[in-house]
Amino acid sequence: FRWTASPLDSLLELFPPFLLAVPKKKTSHSRKAMRSANKGLKDKRNIVHCSACGSPKLAHNLCPNCYSTLSRGWKAQAR
């Protein structure tokens, strides 16, 4: 009884060529910086004033100042 394996001449027989794709050159610092230049933080444009206390808040969100006073009241009632 003898184990025989078919010899592989190259990796191309085992894998299709598109699996072996690698960059031909190193990406320079300048090119990396240019690619990530438009990934910066954007300004918030949906800031409104709370109708109850007048502090700035995001539109369609709870006001943090009003919510903190409400939650303190709820915790005091729970005790």
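Residues are numbered from 1 along each chain as its sequence is written, and side-chain values use heavy atoms, with hydrogens and water left out. Because the model is predicted, local features need pLDDT of at least 70 and side-chain atom pairs count only at pLDDT 80 or more, while totals for chains, interfaces and linings use all residues.

Begin by selecting threonine 27, which lies in the loop between helix H1 (11-14) and helix H2 (29-35); helices are DSSP runs of H or I with at least four residues, numbered from the N terminus. Leaving aside residues up to four places away in sequence, threonine 27 touches Lys32 and Arg35, where contact means heavy atoms within 4.5 Å. Threonine 27 counts as partly exposed, at 36% relative accessibility, a class between buried (under 20% relative accessible area) and exposed (over 50%), with a 1.4 Å probe and protein chains only.

Select the cysteines next. The structure holds zero disulfides, a disulfide being a pair of cysteine sulfur atoms within 2.5 Å. For cysteine 53, which is in no disulfide, the nearest cysteine sulfur is that of cysteine 63, 3.5 Å away. Cysteine 53 is partly exposed at 40% relative accessibility.

Finish at tyrosine 67, in helix H3 (residues 64-78), which is partly exposed with a relative accessible area of 42%.

Technical notes
Helix = DSSP H or I, 4+ residues; strand = E, 2+ residues; numbered from the N terminus.
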